[in-house]
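Hi,

Here is the structure I said I would pass on. Have a look at it first, and then read on for what turned up.

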Amino acid sequence: PVINRVALLFDFESRWSLENQPHHEKFDYMEQLLRYYRPFQEKSIGVDIISPDADLSHYKLVIVPYMAVIDDERAEKLIAYAKKGGNIIMTCRTATKDHYDAMLPERPPALGLADITGVTVEEYYPLDHAAPLDAKLFNGTARIWAEKLKTAEYKLVTPTAKYKAFNGWLDGGPAVTSNMLGRGIVWYVGCILDDA
C-alpha cells in the first residue's frame, strides 16, 4: 500500500464559511488549498487530503489551510500532534470561528493554537495590491490577504519572512513564522503567498 507522510486538512464548514464571508473577491478556499497541494504534486510527493477529525499520528507534516471553523476537539488534536513532534503548516484565517460561523472571542489562532504557533493575529487586511516580503528562504510577495502577527516572547518563534515597507501597519512585521516545539516545528503563514 502507498503510505503518504503528508496530510492536507480539508474542511467543508470552513469552505462554506469562507464562501459566505470571503473578505476579498479573490479569496477562494479551493484555490488556496490547491496552492499548498501543487508543490508536493510537482515533486511527486504523495499527499492525503483528509478530514480535520482523522488520525494524524502517522504523518510527518500536516497542512492546515484556512481552517476557520474549529472546536476544542480539533484544536486539542492539533496540539497533541505538535507536542509529539509533528510538523504543522497553519495558514491565515485558521481558528477564527465556531461551528455556528460566529467569531470566537479570543484572537486567532484560537482555542490554544496560539500556544503552539507562538503567534496571535492582531489585525488582518484584505490587500488591493501585493505586499513585498523579505525572507531567508525565498523572495516573494503576499497577495489578497495579510495578517499583522504578534509573536510570543517566551516561545522559540522565528520570523522566516517579514513584510518590507508597504503600508505602515505591516512594515517589518512577521509574515511567516516558525516555532520549535520539541522535535517538531509549527509554521504560521499569516498571508497568502505568491506561487514562487
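Which element gives the largest share of the lining of the largest pocket? Helix H2 does, with seven residues. Please keep in mind that this is a predicted model.

**The largest pocket**

The volume here is about 830 Å³, and 26 residues make up the lining. If you want to find the centre on screen, go to Tyr-36, Pro-39, Leu-193, Asp-195 and Ala-196, which lie nearest to that point. Besides H2 (29–42), strands S7 (140–151), S10 (184–189) and S11 (191–193) each give two or more residues to the lining. Sorted by class, the lining has 16 nonpolar, six charged and four polar residues.

**The second largest pocket**

This one holds about 210 Å³ of space. Its lining counts 16 residues, and Thr-96, Met-103, Pro-108, Val-121 and Tyr-124 are the ones nearest the centre. Two elements give two or more residues each, namely strand S5 (119–126) and S7. The largest share, four residues, is from S5. By class, the lining splits into seven charged, six nonpolar and three polar residues.

**Strand S7 and its partners**

A hairpin of four residues links S6 to S7.

**The core**

There are 60 residues in the largest nonpolar core, and Ile-88, Leu-113, Ile-116 and Tyr-163 have the most contacts inside it. In soluble globular proteins, nonpolar side chains tend to be buried together. Take Ile-88: leaving out neighbours within four places in sequence, its contacts include Leu-61, Val-62, Val-64, Leu-78, Ile-116, Ile-185 and Trp-187.

**A few single residues**

Is Ser-17 buried or exposed? Ser-17 counts as buried, because its relative accessible area is 3%, and the cut-off for buried is under 20%. This serine is part of helix H1 (residues 12–20). Beyond residues up to four places away in sequence, Ser-17 touches Ala-68, Val-69, Lys-97 and Asp-101.

Next, the backbone. The peptide bond from Pro-108 to Pro-109 is cis, with omega near -10°. Pro-109 is in the loop between strand S4 (87–91) and helix H4 (113–117), while Pro-108 is among the residues nearest the centre of the second largest pocket.

Ile-144 lies in strand S7 and is buried, at 9% relative accessibility.

Cheers

Key
Residues are numbered from 1 along each chain as its sequence is written. This is a predicted model: local features need pLDDT of at least 70, side-chain atom pairs count only at pLDDT 80 or more; totals for chains, interfaces and linings use all residues. Side-chain values use heavy atoms; hydrogens and water are left out. On a 1 Å grid over the protein atoms alone, a cavity is a set of points where a 1.4 Å probe fits but cannot get out, and a pocket is an open set with protein on both sides within 12 Å along at least five of seven lines; lining residues have an atom within 4 Å of a point. Grid points are joined across faces, edges and corners, and a volume is the space filled by probe spheres set on the points. Ala, Val, Leu, Ile, Met, Phe, Trp, Tyr, Cys and Pro count as nonpolar, Asp, Glu, Lys and Arg as charged, and the others, Gly among them, as polar. A nonpolar core is a set of buried Ala, Val, Leu, Ile, Met, Phe, Trp, Tyr and Cys residues joined through side-chain atoms within 4.5 Å. Buried means under 20% relative accessible area, exposed over 50%, partly exposed in between (1.4 Å probe, protein chains only). Contact means heavy atoms within 4.5 Å. Two strands pair if DSSP finds at least two bridges between them.
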